[in-house]
Amino acid sequence: MKNNLMEKASKQSNLRMVIKRFRKHKLAVASFYFLCIITILAILAPIIAPYDPNKVTTSFGKPPSAEHLLGTDQIGRDMFSRLLYATRISLFVGFAVTIISTAIGVVLGLISGYFGGWIDILIMRITDTIMSFPYILLVLVAAAIFEPGLWNIILILGFVDWPAVARLVRGNVLSLRETNFVKGDVVAGMPRQYILLSEILPNTIGPVLVNATSVFAISILDEAALSFLGMGVQPPTASLGNILNGAESITILTSKFWLWIPAGVIIILLVLSINFVGDALRDAIDPTAR
Amino acid sequence: MLKYIIKRILIAIPVLLGITIIDYAIMSLAGSPLEMMVGPKTSQAALEAKAIALGLDQPFYIQYWVWLKQLFQGNLGYSMKSYQPVSQIIGEHIVPTLLLMGTSLLVGLLIAIPVGIYSAVNRYTRRDYTLVSLSFLGTSIPSFFLSLIFIYLFTVRLGWLPSSGMTTPGTEGGFMDVLKHMVMPVIILAVSISGYNTRYVRSAVLEILQKDYLRTAKSKGIGRFRVINKHALRNALIPIVTVIGMQIPTLFGGAVIVEQVFSWPGLGLITMNAIINRDYPVIMGIRLLTAVVVLIANLITDIVYALVDPTIKY
């Protein structure tokens with residue numbers, strides 16, 4: 001009982017230390033608030049958006065005005081509303097991909113590191129094979145095969161992004177297995193499940209979280225690139241990438257800047273702030289590593 | 001060393017075979033390329049004749065076997081669209097891609113290495129934070145968005161640089177012409193390459209700067225410049241070499257997008273076209289090529305590793 005309480009207290013102070021160190025990174029704190037605001041805006045898109053994102057209004061390709069904050073596109077849809085919904089889609093893709101790939105990576109990494117032997121060899125070979133391939137090529141071929149669309153993009157990216165997490169977790173498990181507290185558990189005859197899930201897993205959460213931020217950033221970039229190439233989220237559903245797709249036409253590029261600049265700026269700001277948060281988190285969790 | 005290299009190559013062969021089998025299986029799941037060839041006037045009989053001519057009526061393992069046998073005779077098959085030999089298509093497009101990737105990697109590293117060292121030496125100063133933030137910016141800009149901005153600025157507004165192809169159509173081309181076409185794609189690829197590598201170089205050098213032998217070197221009083229360039233840099237090279245080797249696949253991926261935007265006549269462009277047309281022999285050829293390149297790059301990385309770090313023995 002007493003032991004339990006002390007453990008709890010040390011965990012709390014540990015978390016407090018992480019938050020304290022994170023706060024020192026001003027840019028990361030600002031990025032964090034920015035991400036929160038954007039996320040809230042994206043979630044509340046149906047309430048905030050002044051127009052239906054797919055509704056055709058009477059003004060075509062008009063520059064920003066009081067009526068349409070960011071103008072309208074070629075077929076008369078309100079760009080501000082479309083951008084809100086596009087951000088929502090992009091964040092959703094990033095989030096879902098991160099969850100899927102982290103889950104796969106953590107499970108395979110735990111299995112590989114803890115059990116070793118031929119399972120380990122097999123999983124690591126698969127990991128190496130996926131890691132050593134031109135990622136975009138793999139994704140493009142997959143996207144062409146499984147009909148591009150929102151869920152397919154999420155699944156494809158999710159199933160391609162896990163190797164880095166798996167390697168990370170495996171490495172951590174290997175070193176944790178040699179620590180005294182895990183050895184103690186083994187000697188005490190604790191069940192495997194308990195050792196894996198209650199002793200080893202909590203100790204790898206930090207690095208996994210840091211890795212998840214970079215997966216989040218990369219998958220937003222990848223979704224945008226795929227949709228830009230026409231292999232991702234399909235119109236009329238708005239995504240930040242397929243809005244930019246329109247800018248390949250020279251008239252939009254040269255004379256209708258409001259149709260492409262905002263989408264690109266949102267992608268940059270999103271990815272940049274996620275990266276800043278991830279970097280500060282890495283520093284906060286493990287101040288000795290650089 | 002030689003034994004090690006031979007062993008690595010022998011391991012690579014089953015890996016390559018496995019990759020081609022998986023690729024072939026996935027592609028036959030995707031559906032027949034004939035669907036892409038159907039026009040309004042094609043009859044069923046003509047389609048069937050075509051399927052037999054291309055061997056598409058056979059089950060996938062027989063198709064694969066035929067493909068593999070051809071491969072061992074040095075034949076990569078023929079494009080289903082243009083009927084050109086795949087090896088010829090790849091041969092025509094590989095040079096532009098290598099030119100683009102090689103130059104970008106070089107430019108990216110020429111920026112990243114000095115900046116990374118400067119940042120590490122001046123760690124935790126305002127300049128360091130600025131450079132690190134800039135490197136994050138470099139990796140956060142989607143390459144296609146940067147391409148659009150560049151095209152808008154340098155082609156549409158200023159009219160300085162051409163935005164598509166490798167040479168001006170109707171001219172001989174020549175060195176200056178190719179150079180002009182290369183400027184924008186190379187800068188765009190180099191921005192993200194230097195962004196990634198600046199941080200790697202910085203952390204590699206930071207780690208070395210803490211080492212005891214560096215303190216010894218400093219205390220000998222041989223001067224800051226020599227300490228950093230002779231003692232620190234050489235040891236920092238090891239992690240940098242690994243990271244560069246690991247980037248080859250990513251680099252190829254980046255090239256696909258940039259080639260698409262700038263209509264650069266390289267492998268990325270024909271890959272996209274082949275994917276859209278489900279031109280299997282071409283896709284298989286390119287996948288095989290990239291697999292070989294990646295495995296060779298990994299091997300070279302390990303060899304360079306041993307050269308830079310004499311303590312590593314194979």
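Q: What makes a salt bridge, and how many does the rule find across the interface of chain A and chain B?
A: A salt bridge is a side-chain nitrogen of Lys or Arg within 4 Å of a carboxyl oxygen of Asp or Glu. Across this interface the rule finds zero. The model is predicted: local features need pLDDT of at least 70, side-chain atom pairs count only at pLDDT 80 or more, and totals for chains, interfaces and linings use all residues. Residues are numbered from 1 along each chain as its sequence is written, chains are lettered from A, and side-chain values use heavy atoms, without hydrogens and water.

Q: Which residues count as part of the contact?
A: Contact means heavy atoms within 4.5 Å. By that rule, chain A gives 37 residues and chain B gives 41 residues.

Q: What makes area count as buried, and how much is there between chain A and chain B?
A: Buried area is the accessible area (1.4 Å probe) that two parts lose on being put together, summed over both. Here that comes to about 3,600 Å², 82% of it on carbon and sulfur atoms.

Q: Which helix of chain A gives the most to the side that touches chain B?
A: Helices (H or I, at least four residues) are DSSP runs, numbered from the N terminus. α13(A) gives the most, with 10 residues.

Q: How do the residues on that side of chain A divide?
A: Ala, Val, Leu, Ile, Met, Phe, Trp, Tyr, Cys and Pro count as nonpolar, Asp, Glu, Lys and Arg as charged, and the others, Gly among them, as polar. The side of chain A that touches chain B therefore divides into 29 nonpolar, five polar and three charged residues.

Conventions. Helix = DSSP H or I, 4+ residues; strand = E, 2+ residues; numbered from the N terminus.
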